[in-house]
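Let's take a friendly walk through this model together. Have the sequence and the 3D view ready, and we'll begin with a pair of helices.

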Amino acid sequence: SHTKGPWRIETPEDDGVMGPAQFIRVYGPGISNWVADCGLPSESKSMANAHLIAAAPDLLAACKAAFENLSECDDRKRQWACDEVEEAIKKAEGSKT
């Protein structure tokens, strides 16, 4: 099971500490529930990656809700969407596809 959300982003500026090895980090609930290092603030993709990672628990919950609502539909396009959502859930939970 993954670290429960919500997850939050902290930057070196949040701690008042800046330096060459200060990373953008994603934390779960609690003071030291570190989830991921997302790179240095000077790297262009670091904050975007942090936002995506921090949204992961919410995205997983949304996928599960969508899957539950889509799984009973017979329409072919809805079935495709249901299959895609199911695959994303499996990937997020580390299940085999």
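**Where two helices meet**

In H2, Leu52, Ile53 and Ala54 meet Ala56, Pro57 and Leu59 of H3, where contact means heavy atoms within 4.5 Å. The residues of this contact are six nonpolar, no polar and no charged; Ala, Val, Leu, Ile, Met, Phe, Trp, Tyr, Cys and Pro count as nonpolar, Asp, Glu, Lys and Arg as charged, and the others, Gly among them, as polar.

This is a predicted model, in which local features need pLDDT of at least 70 and side-chain atom pairs count only at pLDDT 80 or more, while totals for chains, interfaces and linings use all residues. Residues are numbered from 1 along each chain as its sequence is written, and side-chain values use heavy atoms, with hydrogens and water left out.

How do the two helices lie? The axes of H2 (residues 46-54) and H3 (residues 56-70) come within 5 Å and cross at roughly 45°. That makes H2 oblique to H3, since angles under 35 degrees count as roughly parallel, over 145 as roughly antiparallel, 65 to 115 as roughly perpendicular and the rest as oblique. Axes here are lines fitted to C-alpha atoms, for helices over the stretch in contact, with angles running from 0 to 180 degrees between N-to-C directions.

Stepping back, the protein has four helices and three strands, arranged from the N terminus as β-α-β-β-α-α-α. Helices (H or I, at least four residues) and strands (E, at least two) are DSSP runs, numbered from the N terminus.

Finally, look at Ala50. Leaving aside neighbours within four places in sequence, Ala50 is in contact with Ile9, Ile24, Val26 and Cys38.
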